[in-house]
Amino acid sequence: RRRARVREARWRVHITEATLSHLDGVYAVEEICCWHRDPYLRENKIRTFLVIDPRAEEESTNDTLSPVSGEGYKMRASVRMTRYLESWGAAKPFANLKHLDNPPESAGSVRNNHSELSLGSLNQQKTLERGRVPRSPDEDLEGVDEKFFQLIEQLNSQKQWKKSEDLNRITLYFKEQSLEKEYRLSALPSFNYYTACTFLVFVSNFLIQILVADKTVALGVSYGISFFLFILLLLTCFAGHLAKCFLKGPKALDWVPSISAAVCTQPWLRVSLGVVTILIVLTMAVLNLFFMPDPWCSSQLQNSTMVGTNATQDFVPMKSLFSVPYYIYCCILGFLSCSLFLHMNFELKLTMLTLCLVVYNVLFLHTHSWLSDCYVARLYPNQTALRPGVLKEPKMMGAISFFVFFFTLLALGRQNEYYCRLDFLWKKKFKKEREEIETMENLNRVLLENVLPAHVAQLFIGQNLRNEDLYHQSCECACVLFASIPDFKEFYSESNVNREGLECLRLLNEIIADFDELLLKPKFSGVEKIKTIGSTYMAATGLNVAAGQDSQQDVERSYSHLGIMVEFAMALAAKLDIINKHSFNSFKLRVGINHGPVVAGVIGAQKPQYDIWGNTVNVASRMESTGVLGKIQVTEETAKALETVGYTCSLRGIIKVKGKGQLRTYFVCTDTARSGPQGPLLS
């Protein structure tokens, strides 16, 4: 197999007869004789074949035959899959990542008995469409906007919630007690505006009565007290807004903003103030009816036809009688004040509306019905035939109006309660889903930072125009380390004792994991793990430094990361000694270090990988492969750089390095403590 791979033709797959027997005739092949080029194939008489590219065969077929409409898609499954794989993925690493800056609305779903609307499905469809065919950003955004509009229309449909699993259809209570309690205890920032609207209704009633009714002392006193109470309520609700207007007020009034905050957040206080506000409006709508002139008018109605025009002088003054219909209008406005508090519980609204209906009907139909009779008698004296019907009398029209508004406001109140609870449910679910999205984003960020260095990951995660380009960075002075465990190759074996090598790999995983733990220390925050190759650990420092920055700094500071790399290598050796003690092994670390210019970049679209390239990397690898167990081998240039930061290096000699010729190398003395900059210590 190895010989066949070596002798394969360019752009063709070269296989042996044994491999061909396992393909079950899936691919067309062409036999080729390579005996004259390879003695091993000739001695063992191994037949070899070249696999014919299905795409080339397809192209040749298309060139010779014109395909009939509808037959162009009839191709072999392997060819179709090949084309799909070619169209999948981005042409550049993370090219589509910037479209994820607009987070999906949710990863969860809004459920009911009719359907299950998955907000996360939009993101999945978006990802699939993005992967199948390359599309422009504008097309992607248009498609996503269309899907979101469809989703919003479905959410606005009441059919989605008629049989909701969260709400009781009769009482509209949440089925979960904790959810119901949370809804009732939730804050209501708009309560102050509800109170302000109720105050406008109160002012409207005041204007109607002050313009129409008799201006009595009782009218002035009652409305004076009511205005005082309303001002206190408004100051209580808008204390926070007023405090913002007087930021430099006395410190003794610093507690004032907390009053409005307490009103919005404390349910019992909010409900109490709301009930008091509504009762003031409802009471003032009919209070001055009790201060009308003496009701002796009703006793004169029976003799009004006999007395004639002289009897009109004994009636209640005409202006007072004309105010009766306006009191009915004030009562209707009082009904409206009950519906202004949108988030008030429906049961409380029902109780107050019912109380108003009973009280107002008792007043106008029983206790003060004489006012309506006097009003009709005054409008139609001695004209019994022209008098209106019973249903057109003010008291009957008022009662009918009260019932109409009562049932209308009940229907509106129930609908409002329904939508308030629905809004609370949506907000809670979307909040939960947003938290899940944030958790997934943070998890993805952590995973990406585990694959890529933190400073590189930020370029792809953030809104940066460069995230569509191939990432690359030139580093003028990077330090590269290769640390291997050569003894592990002899230690590894596949037998029943170690479960076919599984226990050996488990030990290697523990070693690499312990090495990775060292990267979490603040001391080694500048060390970046590049990759592991078998039992070889590759790391680098100085990668997060902008080009040209080293030349602007002093020599000692520019080479400081080389000292950190040496300390990291010694920490690796110390960690390996601890593992040897617990696992009864005698592994030794062989380390090679070199510094110089490198090029860092991210390669791969489907599985991106951060890597570094350059002659510095190759020499560092040669320093490790030609090194000695338990030693850190460096080049002459690196030894001189380490000397400037206080490390001692001993000359090993001139060795032959593959691809580099003869190189003078040194061993870093790890048994001596690091000191400050000193004179030449190269032995």
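Mentor: By class, 14 nonpolar, six polar and 16 charged residues line the second largest pocket. Nonpolar means Ala, Val, Leu, Ile, Met, Phe, Trp, Tyr, Cys and Pro; charged means Asp, Glu, Lys and Arg; the others, Gly among them, are polar. This is a predicted model: local features need pLDDT of at least 70, side-chain atom pairs pLDDT 80 or more, while totals for chains, interfaces and linings use all residues. Numbering starts from 1 along each chain as its sequence is written, and side-chain values use heavy atoms, without hydrogens and water.

Trainee: How much space lies in the second largest pocket?
Mentor: About 920 Å³. Of its 36 lining residues, Leu179, Tyr183, Phe424, Leu425 and Lys428 are the closest to its centre. A pocket here is an open set of points on a 1 Å grid where a 1.4 Å probe fits, with protein on both sides within 12 Å along at least five of seven lines; lining residues have an atom within 4 Å of a point.

Trainee: Which element gives the largest share of that lining?
Mentor: H19, with 12 residues. Helices are DSSP runs of H or I, at least four residues.

Trainee: New topic. How do H10 and H13 pack?
Mentor: Their angle is about 155°, and the axes are 11 Å apart. Therefore H10 and H13 are roughly antiparallel, a label for angles over 145 degrees.

Trainee: Which residues meet there?
Mentor: Among them, Tyr223, Leu229 and Phe230 in H10, and Leu273, Ile280 and Met284 in H13. Contact means heavy atoms within 4.5 Å. The contact has eight nonpolar, four polar and no charged residues.

Terms used: Points joined across faces, edges and corners; volume = space filled by probe spheres on them. Helix = DSSP H or I, 4+ residues; strand = E, 2+ residues; numbered from the N terminus. Axes fitted to C-alpha atoms, helices over the stretch in contact; angles between N-to-C directions. Parallel < 35°, antiparallel > 145°, perpendicular 65-115°, else oblique.
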